[in-house]
Amino acid sequence: MLAELSSELIVEVQRTAKLLVAKQRICVLTGAGVSAESGIPTFRDKQTGLWSQYRAEDLATCTAFARDPQLVWSWYQWGRQLVSDKTPNPAHHALAQWQQHAGLKNQQLTIVTQNVDDLHEQADSTVTHLHGHLWRNRCSQCDMPHNGVSNSKSFNRVTSNRNSSDNSSTAHNYNEKLLNCTDCGGYIRPDIVWFGESLPSEAWQTAENAAANCEVFISIGTSSLVYPAAGLAQIAKQNGAKIIEINPNPTPNTVVDITLVANAGVVMPQLFSQISVLLS
Ligand code: NAD
Ligand code: ZN
């Protein structure tokens with residue numbers, strides 16, 4: 001595994017591990033990049049197939065749903081199908097192992113994610129979701145939770161049941177029929193925070209407190225373009241934290257102290273392995 005890292009990066013990972021074991025409170029913010037090696041495209045990746053003519057930023061909005069709920073619902077159903085068989089990669093597993101290990105060593109590792117997939121949970125991490133959950137639905141009018149699919153496992157089950165009784169269904173038209181709220185008749189929408197909407201207040205409070213109180217803030221696989229999540233690193237910095245970024249590409253984040261320029265699935269297992277040696 002070490003062979004996958006350049007000698008400069010190995011030195012940086014070792015330096016980062018030494019810094020991390022000397023601290024108690026660590027806040028990790030993950031973005032779409034942490035799930036990229038599981039096969040889930042990021043927002044900056046160009047959409048493929050049927051949806052190649054659309055930009056994700058133009059579909060994930062209230063205005064788009066108000067204008068064409070069918071289009072937006074269909075896009076999410078396609079997205080759910082794309083994500084339904086995806087599993088955690090070594091970055092999710094390393095974070096989960098570190099979180100469990102940290103508890104034993106009196107370290108506190110708070111994981112906050114912008115992702116709407118459930119790969120952190122599948123890897124057994126405790127995580128705060130800032131932007132909602134791909135597998136949950138609610139009414140677009142009265143906000144009542146809609147009991148449909150609640151996680152990727154039940155979605156898989158629903159998909160395979162349906163496909164076994166309906167051989168004509170294709171990947172892109174699965175379950176695209178709009179649903180209505182049983183209470184008020186409004187359209188059912190995914191329980192996801194769209195561009196321009198406020199973040200769930202409890203999740204934001206958890207994230208803001210963790211950022212303000214941490215000694216090290218680690219930003220993994222996020223473009224640092226989507227606010228307010230992108231502001232968490234600045235909150236941490238203003239409160240004296242060191243900022244680490246893990247991303248193969250440059251970002252506009254100007255408060256970073258250490259950048260590990262590589263894929264999260266390569267760096268995170270190395271970082272955790274160094275941390276566990278130093279902590280033992
Ligand atoms: P983004 O798409 O804006 O940026 C992804 C970042 O990940 C980029 O900076 C890219 O360089 C980096 N990256 C790509 N591959 C990587 C890897 N292997 N390791 C580390 N980094 C890698 O994503 P964002 O910053 O999270 O913000 C966009 C919004 O998109 C969020 O609100 C999020 O909810 C949503 N989104 C979520 C998912 C998901 O749940 N998996 C997928 C796509 C978009
Ligand atoms: Zn309703």
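A polar contact is a pair of N or O atoms within 3.5 Å; within protein, one atom must be able to donate a hydrogen and the other to accept it, and residues adjacent in sequence count only if both atoms are side-chain atoms. The model is predicted, with pLDDT of at least 70 needed for local features and 80 or more for side-chain atom pairs, while totals for chains, interfaces and linings use all residues. Residues are numbered from 1 along each chain as its sequence is written, ligands are numbered from 1 in the order in which they are written, and side-chain values use heavy atoms, without hydrogens and water.

**Exercise 1.** Determine which atoms of Phe43, Asp117 and Asn249 lie by ligand 1.

*Solution.* Begin with the backbone: an N or O atom of Phe43 there lies 2.8 Å from an oxygen atom of ligand 1. Turn next to the side chains, where a polar atom of Asp117 is 2.7 Å from a nitrogen atom of the ligand, and an N or O atom of Asn249 is 2.7 Å from a ligand oxygen atom. Finally, consider cover: of the 850 Å² of accessible area (Shrake-Rupley method, 1.4 Å probe) that ligand 1 has on its own, the protein covers 90%.
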